[in-house]
Amino acid sequence: MADSSSAIFATLESHTAVVRVRGRAQAHQCPAFRRFAEDALNGQAARLQVDLSECEYFDSTFLGTLLQLRRTPGQDGGSVLSLVAPSEQCLQILGQMGVKPLFRIDAGRTVHDDSQWNSLAEEQPGQCGSDFHRNVVEAHQELAQVDGPMQDKYRMIAELAAQDLKAAQRSPD
């Protein structure tokens, strides 16, 4: 669970969906983040900017979610996703994971007027629904497609998470 100083905020500016991460971005925040991004891109937004200037850390599920959203094609055929002003910690994680070249990185910053931003909901521990579990599976499947030293580990995590999701869907509450 994220501490009280961690949050993900979102807004729409013209034809751009903008997401700002403050503190840590973790798995329990990803379903709302992904829903906002997909809804915005299926609606009026043509681009997605993820501002990581205030992000201290992100986990593998958040990274896998970014990789999924990166696949959304823009009008020019390229990705609609850009990472804005990633912190040094984020750049280090992207580099270590070997995915930095996969993203468009913009050194600029988004507007930080808090009145325009909506805080995205978080899944509560012990109350995570099927969207959460499905997102964990899909994010790790995405990570398992990236060549590198962690590829097999993420493939195994995706397989185990998929088994857990399947078992949870079969069992009555």
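Modeller: What follows starts with the chain as a whole, goes on to the sheet, and then takes the helix contacts in turn.

The model is predicted. The chain holds 5 helices and 6 strands. Read from the N terminus, these elements come in the order β-β-α-β-α-β-α-β-β-α-α. Of the 173 residues in the chain, 47% are buried. Among contacts with a separation of 6 or more, 71% are between residues 24 or more positions apart.

Strands of a sheet pair through backbone hydrogen bonds, and the pairing can be parallel or antiparallel. Strand β2 (residues 16-25) and strand β3 (residues 47-58) run parallel and are joined by 9 bridges. In this pair, A25 stands opposite F58 of β3.

S14 is in the loop between β1 and β2. Its phi is about 60°, although S14 is not a glycine. S14 has a relative accessible area of 60%, so it counts as exposed. A85 lies in the loop between β4 and α3, the helix of residues 88-97. A85 is not a glycine either, and its phi is about 45°. In contrast to S14, which is exposed, A85 is buried, because its relative accessibility is 12%.

The axes of α1 and α2 come within 10 Å and cross at roughly 15°. An angle under 35 degrees counts as roughly parallel, so that is the relation of α1 to α2. Their crossing is right-handed. On the α1 side the residues are C30, F33, R34, A37 and E38, and they meet T61, F62, T65, L66, Q68 and L69 of α2. By class, this contact comprises 6 nonpolar, 3 polar and 2 charged residues.

Helix α2 has a further partner in α4. The axes of α2 and α4 cross at roughly 75° and come within 8 Å. Because of that angle, α2 is roughly perpendicular to α4. From α2, the contact takes in S60, T61, L63, G64, T65, L67 and Q68, while α4 contributes N135, V136, E138, A139, H140, E142 and L143. The classes here are 5 nonpolar, 7 polar and 2 charged residues. T61, T65 and Q68 of α2 are named in the contact with α4 and in the contact with α1 as well.

Helix α4 in turn packs against α5. Helix α4 covers residues 130-143 and helix α5 covers residues 151-170; their axes are 8 Å apart, at an angle of about 155°. This angle makes α4 roughly antiparallel to α5, since the limit for that label is over 145 degrees. The crossing of α4 past α5 is left-handed. In α4, the residues S130, H133, R134, V136, V137, H140, Q141 and L143 meet Y154, I157, A158, A161, A162, L165 and Q169 in α5. The contact is made up of 9 nonpolar, 5 polar and 1 charged residues. V136, H140 and L143 of α4 take part in this contact and are also listed in the contact with α2.

Q151 belongs to helix α5. With a relative accessible area of 18%, Q151 is buried, because the cut-off for that term is under 20%. Apart from neighbours within four places in sequence, Q151 is in contact with A144, Q145 and V146.

Put together, the contacts can be followed from α1 to α2, from α2 to α4, and from α4 to α5.

Technical notes. Residues are numbered from 1 along each chain as its sequence is written. This is a predicted model: local features need pLDDT of at least 70, side-chain atom pairs count only at pLDDT 80 or more; totals for chains, interfaces and linings use all residues. Side-chain values use heavy atoms; hydrogens and water are left out. Axes are lines fitted to C-alpha atoms, for helices over the stretch in contact, and angles run from 0 to 180 degrees between N-to-C directions. Helices (H or I, at least four residues) and strands (E, at least two) are DSSP runs, numbered from the N terminus. Angles under 35 degrees count as roughly parallel, over 145 as roughly antiparallel, 65 to 115 as roughly perpendicular and the rest as oblique. A crossing is left-handed if the near helix is turned anticlockwise from the far one by less than a right angle, and right-handed if clockwise. Contact means heavy atoms within 4.5 Å. Ala, Val, Leu, Ile, Met, Phe, Trp, Tyr, Cys and Pro count as nonpolar, Asp, Glu, Lys and Arg as charged, and the others, Gly among them, as polar. Two strands pair if DSSP finds at least two bridges between them. Buried means under 20% relative accessible area, exposed over 50%, partly exposed in between (1.4 Å probe, protein chains only).
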